[in-house]
Amino acid sequence: MRAVTLVAHGGLEQLGVRELPEPTIQAPNQVRVRVQAAALNRLDLFVAAGLPGAEALVFPHVVGSDGAGLVDQVGEAVRQFRPGDRVMINPTLSCGECPACLEGEHSLCDRLRVLGEHCAGTAAEYVVVPAENLAPIPPAMPWAQAAAFSLATLTAWRMLVTRARLEAGETLLIWGIGGGVALAALQIARLIGARIIVTSGSDAKLDVARGLGADIALNHRKTDVVAEVRQHTSGRGADVVADSVGEQTWTGSLRALRRGGRLVVCGATTGPMVSLDLRRLFWRQWSILGSTLGNRQEYAEIVRHAAEGRLWPVVDRVVPLSQALAAFERLARGEQMGKLVIEVAQ
Ligand SMILES: [Zn+2]
């Protein structure tokens with residue numbers, strides 16, 4: 001089969017479209033999916049560069065955490081899917097046996113792994129995953145959107161709904177509105193009925209964000225985001241700030257946060273090391289929350305919203321497998337507005 005594979009760590013130059021043997025079902029609960037489309041995430045760039053704990057990767061490594069396709073074969077214990085079913089893939093691989101898994105908190109699993117990060121991913125003609133990681137694709141949802149749905153939407157849902165407990169009427173600040181998680185957060189915040197402030201360095205992206213329901217769209221290259229947030233909140237600051245940017249936005253996130261506000265972090269694109277004045281933390285009674293992926297109940301909830309047409313990923317562009325590298329480069333340059341999708345089946 002053809003697959004986008006990494007032959008060593010060291011960045012995008014190690015990626016290429018190569019021939020690999022097809023994966024086979026190894027356990028009774030597994031399903032082999034014939035991938036129709038795979039979507040990129042910033043995680044893929046980190047995997048290419050080499051993440052801590054990546055020593056165990058077997059090269060050539062198939063990248064990709066998001067995908068959608070047709071069920072091709074099922075293990076003997078699989079009852080809920082049959083060959084030919086249209087499915088999308090939840091990339092959260094949990095053990096099912098540790099205390100967190102038994103409590104239904106799969107993203108807190110002691111042995112949490114992510115498809116495409118710790119094992120062979122979706123950017124290939126076939127991928128093998130546990131049946132619990134599959135969901136039926138809403139009939140109206142095309143392959144590209146189905147491929148783009150899971151990781152970003154699940155991450156944004158847990159971040160805003162479960163962790164930050166964003167409520168109707170509250171003000172949410174989202175930094176960097178081009179990425180998949182930020183755009184999913186925008187849609188989820190609309191569902192909740194929050195007031196949404198987004199930022200971008202691109203006026204074109206801000207226009208799209210307004211069309212998607214952002215109440216206030218700020219160009220962070222041209223305006224003082226913190227001052228604007230304060231002005232739009234009667235000087236108080238935002239109730240919730242969603243930040244996946246990291247070092248570049250950390251100070252601004254805290255300055256834009258109201259007393260008693262919640263800062264929720266699900267990424268560190270510009271770097272992971274920040275500082276914090278503990279006096280401000282306790283005096284302002286901030287909550288600083290980490291969030292990653294989501295549990296199966298949260299996944300079922302976002303799939304239900306998708307089936308009812310309320311959560312629908314924004315796709316930047318779809319490229320054939322042969323042009324996958326160009327899509328990774330676009331992602332690395334941060335030019336995308338929405339998800340980049342690789343059409344795997346021709
Ligand atoms: Zn577990």
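Analyst: Helices (H or I, at least four residues) and strands (E, at least two) are DSSP runs, numbered from the N terminus. By that numbering, Leu-278 belongs to helix H8, residues 278-283. The model is predicted, so local features need pLDDT of at least 70 and side-chain atom pairs pLDDT 80 or more, while totals for chains, interfaces and linings use all residues. Residues are numbered from 1 along each chain as its sequence is written, and side-chain values use heavy atoms, without hydrogens or water.

User: Is Leu-278 buried or exposed?

Analyst: Buried means under 20% relative accessible area, exposed over 50%, and partly exposed in between (1.4 Å probe, protein chains only). Leu-278 has 56%, so the residue is exposed.

User: Which residues form a nonpolar patch on the surface?

Analyst: Patch members have over 30% relative accessible area and no salt bridge; nonpolar side chains (Val, Leu, Ile, Met, Phe, Trp, Tyr) are joined within 5 Å, like charges within 9 Å. Here the patch is made of Leu-276, Leu-278 and Ile-288, which together have about 250 Å² of accessible area. Such areas come from the Shrake-Rupley method with a 1.4 Å probe, and for residues only the protein chains shown count as cover.

User: How many salt bridges are there?

Analyst: A salt bridge is a side-chain nitrogen of Lys or Arg within 4 Å of a carboxyl oxygen of Asp or Glu. This rule gives a count of 15. One of them joins Arg-32 to Glu-22, with the closest N and O atoms 3.2 Å apart. This pair links distant parts of the chain, 10 residues apart: Arg-32 is in strand S3 (residues 30-39), and Glu-22 is in the loop between strand S2 (15-19) and S3. Arg-32 counts as buried because its relative accessibility is 7%, whereas Glu-22, at 41%, counts as partly exposed.

User: What does Arg-262 form a salt bridge with?

Analyst: Its partner is Glu-170, and the closest N and O atoms are 2.8 Å apart. Arg-262 sits in strand S15 (residues 257-265) and Glu-170 in the loop between H3 and strand S11 (171-174), so the bridge ties together parts that are 92 residues apart in sequence. Both Arg-262 and Glu-170 are buried.

User: Which residues do salt bridges that share partners join into one network?

Analyst: Start with a pair: Glu-308 and Arg-310 form a salt bridge, their closest N and O atoms being 2.5 Å apart. Salt bridges with shared partners join Asp-316, Arg-317, Arg-330, Arg-333 and Glu-335 into one network.

User: At what angle do helix H3 and helix H4 pack?

Analyst: Two packed helices are described by the angle between their axes and the distance between the axes. Axes are lines fitted to C-alpha atoms, for helices over the stretch in contact, and angles run from 0 to 180 degrees between N-to-C directions. Helix H3 (residues 143-163) packs on helix H4 (residues 180-192) at about 50°, with the axes 8 Å apart. That makes H3 oblique to H4. Under 35 degrees counts as roughly parallel, over 145 as roughly antiparallel, 65 to 115 as roughly perpendicular and the rest as oblique.

User: Which residues does a cis peptide bond join?

Analyst: The bond joins Phe-59 and Pro-60, with omega about -5°. Pro-60 is in the loop between helix H1 (42-49) and strand S4 (61-62).

User: What is the phi of Leu-293?

Analyst: Leu-293 is not a glycine, yet its phi is positive, about 45°. Leu-293 is in the loop between strand S16 (287-290) and helix H9 (296-307), and at 6% relative accessibility Leu-293 counts as buried. Arg-165, also not a glycine, has a positive phi near 50°. Arg-165 is in the loop between H3 and S11 and, at 58% relative accessibility, counts as exposed.
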